[in-house]
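Subject: Structure for you to look at

Hi,

Here is the structure I promised, with my notes below it. Please read them with the model open.

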Amino acid sequence: MDFFDRQWSTYRRVVDADLMEHQALSAATTAAIEGWLASRPEGSSPPHMVDLGCGDLALLAPLLRRLPLGSYLGLDLSASVLPHAAAQLQGVPYPCAWREQDLLTWALEQSVSGDPGSTPARPVDLIHSSFAVHHLNTDEKLQFLSAVRHRLTPTGMLLWIDVFREPGESRDDYVARYIRRIHHGWQALAADEQQQVIDHLSSFDQPADAAAIQRTAEACGWRWQWLWRGRHRAEALAALTPVG
Ligand SMILES: C[S@@+](CC[C@H](N)C(=O)[O-])C[C@H]1O[C@@H](n2cnc3c(N)ncnc32)[C@H](O)[C@@H]1O
């Protein structure tokens, strides 16, 4: 197996053993999207959806296959996942597109070509992002929250699933706490797989402080609602809707 396959197979084992509570998160995501669809005015056109850091869609595809979407764009920094994701949505009755791109770059694009004078980018109704935004640093998260607000229709929704720090918790304390959690509870993974996850989170994860990021989002013009919070005080789902 190459590097990508090894990393991805470890992530699949984490998901399959429900070590990050993906089952509860999936149920909460399904309820959030179905509730939002039901709240849209009658006669609304089918929603356009973007998935930032879509991965291989192994978990989300069953829901996506039955959603009445107008279109779906799956975007990921890693080109290798996109064919897996595309295979999951083969045959759906709405157009799908796939893009290898950084999610912050996408959020900052205000026009079709990237040239400010050209056609404005089409607003999106539903943005979903699961376990990807925590790779951005604090400044980048602020840029993301500010820019992505302008990619959404006024009645749209951003569903943000991610890991978050406890209010006031340092990144070092968060990382140490998560490593303890892996050592004590992740026996479903072999020792080398546990180490892979530890290496990844120690190097790349920059989860936001849950209270601070809510304040930042509100200052950027979002209404913030926690829809689900996991029992490990890390994984959570927030729904963000534009104010005014
Ligand atoms: C942990 S996986 C989650 C995949 C899927 N969303 C899920 O919840 O099962 C994170 C995904 O986000 C992608 N990713 C990480 N940082 C990204 C970025 N800055 N822009 C776009 N994709 C990113 C990774 O390549 C990976 O596919």
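Start at the ligand: a polar side-chain atom of aspartate 102 sits 2.7 Å from one of its nitrogen atoms. I call that a polar contact (a pair of N or O atoms within 3.5 Å). Leucine 103 comes in through its backbone, with an N or O atom 2.9 Å from a ligand nitrogen. Histidine 135 has a polar side-chain atom 3.4 Å from a ligand nitrogen. The protein buries 87% of the 600 Å² that the ligand exposes when taken alone. Those areas are Shrake-Rupley values with a 1.4 Å probe.

This is a predicted model, so note the cut-offs: local features need pLDDT of at least 70, side-chain atom pairs count only at pLDDT 80 or more, and totals for chains, interfaces and linings use all residues. Numbering runs from 1 along each chain as its sequence is written, and side-chain values use heavy atoms, without hydrogens and water.

The shell around the ligand has 15 residues, of which Gly53, Asp76, Asp102, Leu103 and Ser130 come nearest. By type, the shell splits into 7 nonpolar, 6 polar and 2 charged. Ala, Val, Leu, Ile, Met, Phe, Trp, Tyr, Cys and Pro count as nonpolar; Asp, Glu, Lys and Arg count as charged; the others, Gly among them, count as polar.

Next, the cores. The largest nonpolar core holds 44 residues, and Leu57, Leu64, Tyr72, Leu89, Tyr178 and Trp186 touch the most other members. A core here is a set of buried Ala, Val, Leu, Ile, Met, Phe, Trp, Tyr and Cys residues joined through side-chain atoms within 4.5 Å. Buried means under 20% relative accessible area (1.4 Å probe, protein chains only). Elements that each supply at least two residues include α2 (22–39), α7 (171–185) and β8 (235–242). Helices (H or I, at least four residues) and strands (E, at least two) are DSSP runs, numbered from the N terminus. Apart from this core lies another, of 31 residues, among them Leu52, Leu73, Ala132 and Ala208.

Two backbone angles to check. Leucine 57 has a positive phi, near 65°. Its place is the loop between β1 (48–52) and α3, and leucine 57 is buried at 3% relative accessible area. Phenylalanine 131 also has a positive phi, near 55°. Phenylalanine 131 lies between β4 (124–130) and α6 (138–148), in a loop, and is buried at 10% relative accessibility.

Best wishes

Terms used: Near = heavy atom within 4 Å. Polar contact = N/O pair within 3.5 Å; in protein donor to acceptor, adjacent residues only side chain to side chain. Buried < 20%, exposed > 50% of the residue type's maximum accessible area, 1.4 Å probe, protein only.
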